[in-house]
Amino acid sequence: MDNDQFDDALLRAAMERAALYGWGRLSVVDAARDAGVPLDEARRRFPVKTAILLKLGRLADESALVDDGSTGDVRERLFDVLMRRFDVLQQYREGVRAVMRALPFDPALALFLAATTAESMRWMAGAAGLDISGPAGALRIQGLIGVWAYTMRAWERDDSEDMSRTMAALDQALDRAARLGSMLTRRRAATPEITQPMEPIDPSIDLPLDPQPDQF
């Protein structure tokens with residue numbers, strides 16, 4: 001068993017156990033025993049429980065960042081890369097939902113996921129060609145985090161096999177962001193253009209706090 005196989009086995013066992021007993025009752029030791037992998041190697045590769053989520057996030061990012069040769073504008077690329085992340089999360093759906101249920105009761109976990117999500121969204125934005133330079137770029141990343149969070153809440157409730165409600169929620173969130181103008185700005189060319197200065201706008205302010213299921 002190579003490292004990737006080891007990690008995949010432990011990750012799947014951990015997510016299945018979390019789905020059954022909750023994230024709070026999960027331990028790396030229990031996941032390793034369920035996966036049938038050596039405890040000493042599990043300790044080396046997953047020294048803390050959150051390393052399980054870090055592995056899952058990296059798998060989702062790597063899947064999203066694969067260059068499939070598709071073309072389109074920034075919005076279309078954002079839709080594609082974010083849905084590819086959801087394709088990975090869908091494989092561990094019940095375990096991820098258990099993690100989400102634990103967030104209100106685990107501030108450390110919430111802070112950890114906030115940081116890792118922000119870094120993931122930076123990668124997604126860059127891959128889609130979004131201009132993330134300077135203060136305006138930082139606001140665009142915050143806006144994309146809002147898009148992701150909004151869509152995640154819809155995905156948590158989406159019991160369809162094709163994730164149709166999730167796709168509808170992502171469409172809705174990206175449309176709202178696009179109406180703000182500065183959210184979906186492509187990277188500028190190397191030669192600067194003379195433009196009128198624009199006041200930065202927080203792209204997340206127009207996103208509703210909770211998706212309305214009957215709108216999907």
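Colleague: How many aromatic pairs does the structure hold?
Modeller: Keep in mind that this is a predicted model. Phe 86, Trp 148 and Trp 155 form one aromatic cluster. As for pairs, the count in the structure is two.

Colleague: Is the pair of Phe 86 and Trp 148 stacked or edge-to-face?
Modeller: Check the angle between the ring planes, since under 30 degrees counts as stacked and over 60 as edge-to-face. The ring centres of Phe 86 and Trp 148 are 4.3 Å apart and the planes are at 25°, so this pair is stacked.

Colleague: How many residues apart are Phe 86 and Trp 148?
Modeller: Phe 86 is in helix H5, residues 74-90, while Trp 148 is in helix H8, residues 134-157.

Colleague: Are Phe 86 and Trp 148 buried or exposed?
Modeller: The cut-off for buried is under 20% relative accessible area. Phe 86 has 0%, and Trp 148 has 5%. Because both values fall under that cut-off, the word for Phe 86 and for Trp 148 is buried.

Colleague: What kind of aromatic pair do Phe 86 and Trp 155 form?
Modeller: Their centres are 6.1 Å apart, with 35° between the planes.

Colleague: Which helix holds Trp 155?
Modeller: This pair also links distant parts of the chain, with Phe 86 in helix H5 and its partner 69 residues apart from it. Trp 155 is buried, at a relative accessible area of 0%. Its helix is H8.

Colleague: Which residue has its charged end over the ring of Trp 155?
Modeller: Over at Trp 148, Arg 85 lies over the face, 4.8 Å from the ring centre. At Trp 155, the charged end sits 4.9 Å from the ring centre, and it belongs to Arg 93.

Colleague: How far apart are the end C-alpha atoms of H5?
Modeller: Start with what you'd expect: H5 has 17 residues, and at 1.5 Å a residue these should span 24 Å. The model agrees with that, because the end C-alpha atoms of H5 are apart by 24 Å.

Colleague: How many of the residues of H5 are buried?
Modeller: The buried ones include Val 74, Leu 78, Leu 82, Arg 85 and Phe 86. Helices H4, H6, H7, H8 and H9 are among what covers them. H5 is mostly covered, and of its 17 residues the buried number is twelve.

Colleague: Which residue has a side-chain oxygen that reaches the backbone nitrogen of Arg 75?
Modeller: Look at the start of H5, where this oxygen comes to within 3.3 Å of that nitrogen. Arg 75 itself is one of the buried residues of H5. The oxygen belongs to Asp 73.

Colleague: How many residues does the largest nonpolar core have?
Modeller: Leu 82 is among the residues with the most contacts inside this core, and so are Trp 23 and Val 96. The elements giving two or more residues to the core are H1, H2, H4, H5, H6, H7, H8 and H9. Leaving aside neighbours within four places in sequence, Leu 82 is in contact with Met 121, Met 124, Leu 144, Val 147, Trp 148 and Leu 170. The core's residue count is 56.

Colleague: Is Lys 55 buried or exposed?
Modeller: Lys 55 lies in helix H4. Leaving aside neighbours within four places in sequence, its contacts are Asp 4, Asp 7, Asp 8, Leu 11 and Phe 46. Its relative accessibility is 17%, so Lys 55 counts as buried.

Colleague: And Glu 161, is that residue buried or exposed?
Modeller: Glu 161 is found in the loop between H8 and H9. Exposed takes over 50% relative accessible area. Glu 161 has 81%, so the word is exposed.

Colleague: Which residue follows H7?
Modeller: H7 has 22 residues and reaches 31 Å from its first C-alpha to its last, close to the 32 Å expected. Its buried residues, including Met 121 and Met 124, pack against H4, H5, H6 and H8. After H7 comes a residue with a positive phi, near 90°, and that is Gly 129.

Note on methods: Residues numbered from 1 in each chain as written. Predicted model: local features only at pLDDT ≥ 70, side-chain atom pairs only at ≥ 80, totals over all residues. Heavy atoms only, no water. Phe/Tyr/Trp six-rings, centres within 6.5 Å; stacked < 30°, edge-to-face > 60°. Helix = DSSP H or I, 4+ residues; strand = E, 2+ residues; numbered from the N terminus. Buried < 20%, exposed > 50% of the residue type's maximum accessible area, 1.4 Å probe, protein only. Lys NZ or Arg CZ within 6 Å of the ring centre and 35° of its normal. Expected span 1.5 Å × (residues − 1). Contact = heavy atoms within 4.5 Å. Polar contact = N/O pair within 3.5 Å; in protein donor to acceptor, adjacent residues only side chain to side chain. Core = buried A, V, L, I, M, F, W, Y, C linked by side-chain atoms within 4.5 Å.
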